[in-house]
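Trainee: Could you take me through one part of this model in detail? I'd like to look closely at the sheet and at what surrounds it.

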Amino acid sequence: MATTNTGQPAPFATASSSAAAARQSAPLHHPPAAGRLTVLTGEGALDVLSRSAVLESQGRHIAQLAIGEPQFAVAPHIVEAAVQALREGDARYGPPAGIAPLRAAIAATLGSRHVEASADDVIVTPGAKPMLLYAFLATVEPGAEVLIPDPGFPIYPSLTRFAGATAVGYRLDPARAFAPDAADIASRITPRTRVLVLNAPHNPTGGSIDARTLEEIAELVLRHDLLVISDEIYGRITYDTDATPSIAALPGLRERTIVVDGFSKAYAMTGYRLGYGLVPRWLVPRLTTLVVNGHTCTPPFVQRAGVAALTGPQDSVRAMVAELRRRRDEVVAALGAIPGIRSPRPSGAFYAFPDVSEIIAATGLSAPQLASRLLEEHGVALLPGNGFGAAGASSFRISFAGTADAVRTGLAGIATGLAAITARPA
Ligand code: PLP
């Protein structure tokens, strides 16, 4: 008999409702999706976020240290610029590569970081992520090898596979603020290597690349005729220096580097979806065609907010970085006091990447098992480092960009939680 979705018999069972019920209980059959989709992987942070939401809906309090999203207010003049643009009806299609004032403001910002940039070489996108996708599709040939940091942002290996290539991880040195080692990168270059991905300040370690190492890497890029995708989304969030040097500022590198950046982190504009690439001139027309195929244009009213962000007062960026610096010191001190944890000092972004291998050895639990117990039993959401590559298997990623309260209670919860788990691992 046909039933309703409450399990009650349907008041008027018809032939078609019986057929619908039969269709529902039969195994789904459909043609397969394109094979290339199977190589894409997501981000662990989003899974932990949804599990945290379930626990919160059950009345639990969760200290959120998993997601890399600044919980800081967007500056009022930025919000106002978007609202004003909407009131003026600036919500139609715009130029694919971005509105002229924003491209000019981005070029000027990059210029202040010694990168030679013209507005014509800037392509605006709805977030940095679409620019990463386009950059990989535009530069990575099937069968090629792409050098990516391990640990690193999980989207890099995913997009590498999507482009039909192989990701080859290079090492970061915890003893040198997680800087890459040029000799290690050199040892991994083969005739098939085509693209080198750099990310500084770095997700998930908070590491950076010192000027000398950057020069050594630049020399390798030129010698081996590589292209560079330089993800500089955390470029404004540095604690011990004013700004992060860009490889695109070094001689001969600008025409073989795509600089990827955006507004999500420095201006806390995650939900506005606004990012960009500074692209070598020879690649601009084709990459713009990719934009036309992918998203037509970035919403113009959002771009007007971006102009306000770059050309208006920078007080909110400075205030946020000052608060994050205070938290960085709080995190390093608190983690340093926990037995079995070694935590290098992050110099940028808003992540700490402590090594918990001693706790893994003492408890027999893996980093994902420890992270899961911290969430389920102690209300602390953080990420196990294995989601960032094999080299992260004995680490946690801790984001201190959430609320100050989450950082304080989360650090206390990690200390008491790890002590309790170590005492009773089973
Ligand atoms: N690149 C890195 C290294 C990131 O950590 C993130 C966000 O977490 C992005 C890019 C994506 O930024 P957007 O929000 O602009 O897409």
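**The sheet and its surroundings**

Mentor: Let's come at it from the domain contact: 28 residues of domain 1 touch 29 residues of domain 2. Keep in mind that this is a predicted model. Domain 1 covers 39–67 + 315–423, while domain 2 covers 93–311. Their centres, taken over C-alpha atoms, are 26 Å apart, and the two domains bury about 2,600 Å² between them, with 58% of that on carbon and sulfur atoms. The rule also finds two salt bridges across this interface. Lys129 and Glu43 form a salt bridge through their side chains, at 2.5 Å from N to O.

Now the sheet itself. It is open and mixed, with eight strands in the order E2-E9-E8-E7-E6-E3-E4-E5. E2 (122–125) and E5 (179–180) are the edge strands with a single partner each, so one side of each has no neighbour in the sheet. Asp173 has Ala179 of E5 as its bridge partner.

Helices pack here too. H4 (residues 100–112) touches E2, E8 (257–262) and E9 (275–278), and its direction makes about 115° with that of E2. H8 (residues 211–223) lies across E5, E6 (193–199) and E7 (227–231), at about 165° to E6.

Finally, zoom in on Thr125, which sits in E2. Its relative accessibility is 0%, so Thr125 counts as buried. Beyond its neighbours within four places in sequence, Thr125 has contacts that include Pro130, Tyr134, Gly275, Tyr276 and His295.

Conventions
Residues are numbered from 1 along each chain as its sequence is written. This is a predicted model: local features need pLDDT of at least 70, side-chain atom pairs count only at pLDDT 80 or more; totals for chains, interfaces and linings use all residues. Side-chain values use heavy atoms; hydrogens and water are left out. Two strands pair if DSSP finds at least two bridges between them. Helices (H or I, at least four residues) and strands (E, at least two) are DSSP runs, numbered from the N terminus. Contact means heavy atoms within 4.5 Å. Axes are lines fitted to C-alpha atoms, for helices over the stretch in contact, and angles run from 0 to 180 degrees between N-to-C directions. Buried means under 20% relative accessible area, exposed over 50%, partly exposed in between (1.4 Å probe, protein chains only). Domain bounds come from an automatic or database domain assignment. Buried area is the accessible area (1.4 Å probe) that two parts lose on being put together, summed over both. A salt bridge is a side-chain nitrogen of Lys or Arg within 4 Å of a carboxyl oxygen of Asp or Glu.
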